[in-house]
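I opened my notebook to look up charged side chains and their surroundings. My entries follow the structure.

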Amino acid sequence: MIYNSFSQDKTEDIAFDIAQNAAPGEVYCLIGRLGAGKTAFARGFARGLGIDDDISSPTFSIINVYHGRLDLFHFDVYRINDVSEMEDTGYEDYFYGRGVALVEWADMVRELWPDDATVVRLEDDVTQGDDFRRIIIERELKT
């Protein structure tokens, strides 16, 4: 599925709609350059799960947990130097738990993705405008 967004609000609305159908145990892997809209996507996704908290990127804490219709386990792995550091977060409990995991900079821990992770690519295209984002949603199916 491909969505086009011309604003941060629209990016949040797209994520809100996707979260409406989120199910326990799902992992969403967000990929995009710095400033691509990963945290905006996370804010909208949280709203879609009925979470009213102020959502910020857990850059230094690595994970924030929010409670809504489903728990949201919001990871930011930008500061992970080695995939083995993820063991300290207890990521498996979150990835395979009863909530939904959303992982910013997920390409840095690619080998940890579950076989059925949902990949969310946020791409910009300056020919479409400074705020344009193409949001590509695809189900990862490892073989």
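**Entry on Glu87.** I looked up Glu87 and found it partly exposed, with a relative accessible area of 49%. (Buried means under 20% relative accessible area, exposed over 50%, partly exposed in between, with a 1.4 Å probe and protein chains only.) Glu87 sits in the loop between strand S4 (72–76) and helix H3 (91–95). Helices (H or I, at least four residues) and strands (E, at least two) are DSSP runs, numbered from the N terminus.

I noted that this is a predicted model: local features need pLDDT of at least 70, side-chain atom pairs count only at pLDDT 80 or more, and totals for chains, interfaces and linings use all residues. Residues are numbered from 1 along each chain as its sequence is written, and side-chain values use heavy atoms, with hydrogens and water left out.

**Entry on Asp76.** I moved to Asp76, which lies in strand S4. Asp76 is buried yet has no salt bridge. (A salt bridge is a side-chain nitrogen of Lys or Arg within 4 Å of a carboxyl oxygen of Asp or Glu.) The nearest side chain of opposite charge, Arg79, is 7.2 Å away. (Lys and Arg count as positive, Asp and Glu as negative; His and the chain ends are not counted.) What does the side chain of Asp76 reach at 2.9 Å? I found the backbone nitrogen of Tyr78 there. A polar contact of 2.4 Å also joins the side chains of Asp76 and Ser57. (A polar contact is a pair of N or O atoms within 3.5 Å; within protein, one must be able to donate a hydrogen and the other to accept it, and residues adjacent in sequence count only if both atoms are side-chain atoms.)

**Entry on salt bridges.** How many salt bridges are there by this rule? I noted five. Asp13 forms one with Arg47, the closest N and O atoms being 3.3 Å apart. The pair links distant parts of the chain: Asp13 is in helix H1 (residues 8–19), Arg47 in helix H2 (residues 38–48), 34 residues apart.

Next I checked Glu26 and Arg139, whose side chains meet in a salt bridge (3.8 Å, N to O). Glu26 is in the loop between H1 and S2, and Arg139 is in strand S7 (residues 133–139), 113 residues apart. Glu26 is buried at 15% relative accessible area, whereas Arg139 is partly exposed at 44%.

I ended with Asp124 and Arg33, where the closest N and O atoms of the salt bridge are 2.6 Å apart. Asp124 lies in strand S6 (residues 118–124) and Arg33 in the loop between S2 and H2, so the pair ties together parts that are 91 residues apart in sequence.

Note on methods. Lys, Arg positive; Asp, Glu negative; His and termini not counted.
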